[in-house]
Amino acid sequence: MIAVYPGSFDPITLGHLDVIERAGLLFERVIVAVLRNPNKVPLFTVSDRIAQITTATKHIPNVQVDSFSGLTVTYAKQKKAAVLIRGLRAVSDFELELQMAHTNKTLDENIETIFLSTSKEYSFLSSSVVKEIAKFSGPIEHLVPQNVAIALKNHFKDLAQDLAVSD
Ligand code: PNS
């Protein structure tokens, strides 16, 4: 069975990676699908994010990384996926995730959403938290894959230099 794990992944965190690794044990193939979202200004481009996720998941043989635009269920159907994976960190995630799962079910009743609870140690973790810490040069090595930690540091170093020049 093929599963699609959709998201923004701006950037991928160890919480996402934990979900991907566990989904990889449950499904024949897991497609990590980065949404091309015209309504959000991301930190990393879609191609950067695809490259970051590809590097971070290279130890998982049945994972594929892709991008999509439009509805998730349309993309899943195109890929012949019967399952959408979403991670749940805490009860606070549940309301929105349940709403999304119900919406997707009304759009395509043949596609199921399966929730995987993230490991306890990542229950506080989000891409936004990571970006906030990185922006203020805090430690992020325990929160994101190594390649992403390097990319974040480089991004904010370049930004700090640009700001220093314009001061
Ligand atoms: O990582 P995120 O930002 O929480 O992921 C949200 C995502 C991409 C799964 C969700 O916004 C989505 O599925 N967007 C595509 C549009 C869509 O299918 N909308 C209907 C479901 S609410």
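Reader: How many Å apart are the end C-alpha atoms of helix H4 (residues 91-107)?

Author: The model is predicted. Helix H4 has 17 residues, and at 1.5 Å a residue these should span 24 Å. The separation in the model agrees with that span: the end C-alpha atoms are 25 Å apart.

Reader: Is alanine 82 buried or partly exposed?

Author: Alanine 82 lies in the loop between H3 and S4. Buried means under 20% relative accessible area. Alanine 82 has a relative accessible area of 27%, so it counts as partly exposed.

Reader: Which residues is alanine 82 in contact with, leaving aside its neighbours within four places in sequence?

Author: Contact here means heavy atoms within 4.5 Å. Valine 46 is 36 residues from alanine 82 in sequence, and their C-alpha atoms are 24 Å apart. With the sequence neighbours left aside, the contacts of alanine 82 are Met1, Ile2, Asn110, Ile111 and Glu112.

Reader: Is glutamine 161 exposed or partly exposed?

Author: Glutamine 161 lies in helix H6 (residues 146-166). A residue is exposed over 50% relative accessible area. Glutamine 161 is at 45% relative accessibility, so it counts as partly exposed.

Reader: What separates the C-alpha atoms of glutamine 161 and glutamate 109, in Å?

Author: Along the chain, glutamine 161 and glutamate 109 are 52 residues apart. Glutamine 161 belongs to helix H6. The C-alpha atoms of glutamine 161 and glutamate 109 are separated by 51 Å.

Technical notes: Residues are numbered from 1 along each chain as its sequence is written. This is a predicted model: local features need pLDDT of at least 70, side-chain atom pairs count only at pLDDT 80 or more; totals for chains, interfaces and linings use all residues. Side-chain values use heavy atoms; hydrogens and water are left out. Helices (H or I, at least four residues) and strands (E, at least two) are DSSP runs, numbered from the N terminus. The expected span of a helix is 1.5 Å times one less than its number of residues. Buried means under 20% relative accessible area, exposed over 50%, partly exposed in between (1.4 Å probe, protein chains only).
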